[in-house]
Amino acid sequence: MDSKNFSNEKTTPIFIRLVLWLLIGVHVISGAIILSLIFPFAKPEKKHWHIQKWSKHLLAIFGIELAVINQGVLTDNSYLLASNHISWMDIHAINAFRPIRFVAKSEVQRWPIFGWMAKQLGTIFIKRDSSRHAHQVAGILSKVLKKESVCIFPEGTSTLGNDVRPFKPNLFEAAVISGVPVYSLAISYISKATEMRSEVPAFVGDMGLLESMANILKHRNLIVRLTFFPPDASSLEPAYDRKSLALHSYEVIGAHLACAS
């Protein structure tokens, strides 16, 4: 499945896009109200229900259909989930399937509203290209993983989605310390019109959040595909370390994306 330039695909009429921007505003405000008034008193199950419902609605506004593959491999116990990273939409797609805590780059904290929302949802922020801070975050993660599952994006950046960059192993240390399994997730976005990989949601380079949102609304005809993979059986061995865990996830996801190309 080759990626395709989306410039020739049918675009969403301007009037509809304006209405969708209004719906996004209302939806974000509703999310902020829930986080402010309901979350402080809600039990974890109720929080997850609200997160999943809100995320599904967000995907619907952007015209993104969710497809989940191999979901049966996941355990009900806590785990570390290692995923490739394409877009800010990745987080909402995963939460629309099964809410989970995330590790995100520290820049996300400065995003208008969305940064505040991420913080309220328990997102753990990490400074990019700082191995020292990554080591500190790994320590925090190991404690969180005792009770909750966490998703990381070990590439350290987002890509166009046609391949995967080598995974940085630092955060995998948290799985080693806490003794939880590491599952892998391959994310891809497909155009419904062409049935080919789409670069529409890619959040790369100097692209801003609003620019990315506008791009997806303009080409509102996507499927986000989440494909899960089980842990490497040998990861249960005492000698298995963070580098081995990172390499396994990287190879599994890379092989999948290559086969899908």
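This is a predicted model: local features need pLDDT of at least 70, side-chain atom pairs count only at pLDDT 80 or more; totals for chains, interfaces and linings use all residues.
Close-up 1. Residues are numbered from 1 along each chain as its sequence is written, and side-chain values use heavy atoms, with hydrogens and water left out. The side chain of lysine 192 meets that of glutamate 65 in a salt bridge at 3.6 Å, N to O (a side-chain nitrogen of Lys or Arg within 4 Å of a carboxyl oxygen of Asp or Glu). Glutamate 65 lies in strand E2 (residues 64–69) and lysine 192 in the loop between strand E7 (182–191) and strand E8 (197–198), so the pair ties together parts that are 127 residues apart in sequence; strands (E, at least two residues) and helices (H or I, at least four) are DSSP runs, numbered from the N terminus. Glutamate 65 is also partly exposed, with a relative accessible area of 40%.

**Close-up 2. The salt bridge between glutamate 148 and arginine 101.** The closest N and O atoms of this pair, glutamate 148 and arginine 101, are 3.2 Å apart. Because glutamate 148 lies in the loop between helix H5 (131–144) and strand E6 (150–152), and arginine 101 in strand E4 (residues 101–105), the pair ties together parts that are 47 residues apart in sequence. Glutamate 148 counts as partly exposed, at 33% relative accessibility.

Technical notes. Buried means under 20% relative accessible area, exposed over 50%, partly exposed in between (1.4 Å probe, protein chains only).
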